[in-house]
Amino acid sequence: MKEKLMKRIVDQYINSYNKFDADGMTKNLHKDMVFKNIAGDKVTLELKGKIAFKSQIEQAFGLFKKREMKILEQKFGDDMVENRVDFKGVLAVDIPDGPKKYDLIKLQYNTTFKFKDGKIISIEDIN
């Protein structure tokens, strides 16, 4: 897949993420896509299928009053884009034993998008 097309799809996904737009986020997902969140060496969340992923992201919308993901760096490979991202978000709820409502959360992490048949087949967030 061409870099220009992969970049356009990733940019569209991130713009939709920042707007809390579930339809936009899932527009270019393969129906059999897999999402993984990895912290250290542990998979902390794994979702299989576009429907499961959309359900999860809609639930997660309630966690933040606002949020923004920015790409700091991108590396392209065969049907793959690795991104270093900066995340900032203001919580909408208290997290049990954690940050409180209105706290600002800042993170930097890697997120990798893999493609199949012109669609995103895999997203891995690695903290």
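I take buried to mean under 20% relative accessible area, exposed to mean over 50%, and partly exposed to mean in between, with a 1.4 Å probe and protein chains only. I note that this is a predicted model, in which local features need pLDDT of at least 70, side-chain atom pairs count only at pLDDT 80 or more, and totals for chains, interfaces and linings use all residues. Residues are numbered from 1 along each chain as its sequence is written, and side-chain values use heavy atoms, with hydrogens and water left out.

**Entry 1: E46**

I looked up E46 and found that its relative accessibility is 39%, so this residue counts as partly exposed. I placed E46 in strand β2, residues 42-48; strands are DSSP runs of E with at least two residues, helices are runs of H or I with at least four, and both are numbered from the N terminus. I then listed the contacts of E46 (heavy atoms within 4.5 Å). Apart from neighbours within four places in sequence, E46 is in contact with V34, F35 and K36. The C-alpha atoms of E46 and V34 are separated by 7.2 Å, although the two residues stand 12 residues apart along the chain.

**Entry 2: the overall fold**

I counted three helices and six strands in the protein. Along the sequence I read the pattern α-α-β-β-α-β-β-β-β. The radius of gyration is 14 Å, close to the 14 Å that the globule rule gives for 127 residues, so the protein is as compact as a globular protein of that length. This radius is taken over C-alpha atoms, and the rule is 2.2 Å times the number of residues to the power 0.38. Along the principal axes, the C-alpha atoms fill a box of roughly 45 × 30 × 30 Å. I also noted that buried residues make up 35% of the 127 residues. Of the contacts between residues at least 6 apart in sequence, 53% join residues at least 24 apart.

**Entry 3: the nonpolar core**

I looked for nonpolar cores, that is, sets of buried Ala, Val, Leu, Ile, Met, Phe, Trp, Tyr and Cys residues joined through side-chain atoms within 4.5 Å. The largest has 26 residues, of which Y13, F53, F113, F115, I120 and I123 touch the most other members. Elements that each supply at least two residues of this core include α1 (3-18), α3 (50-60) and β5 (104-116). The largest share, six residues, comes from α1.

Which residues does I120 touch, not counting residues up to four places away in sequence? I found I9, N28, L29, H30, M33, F113, K114 and F115.
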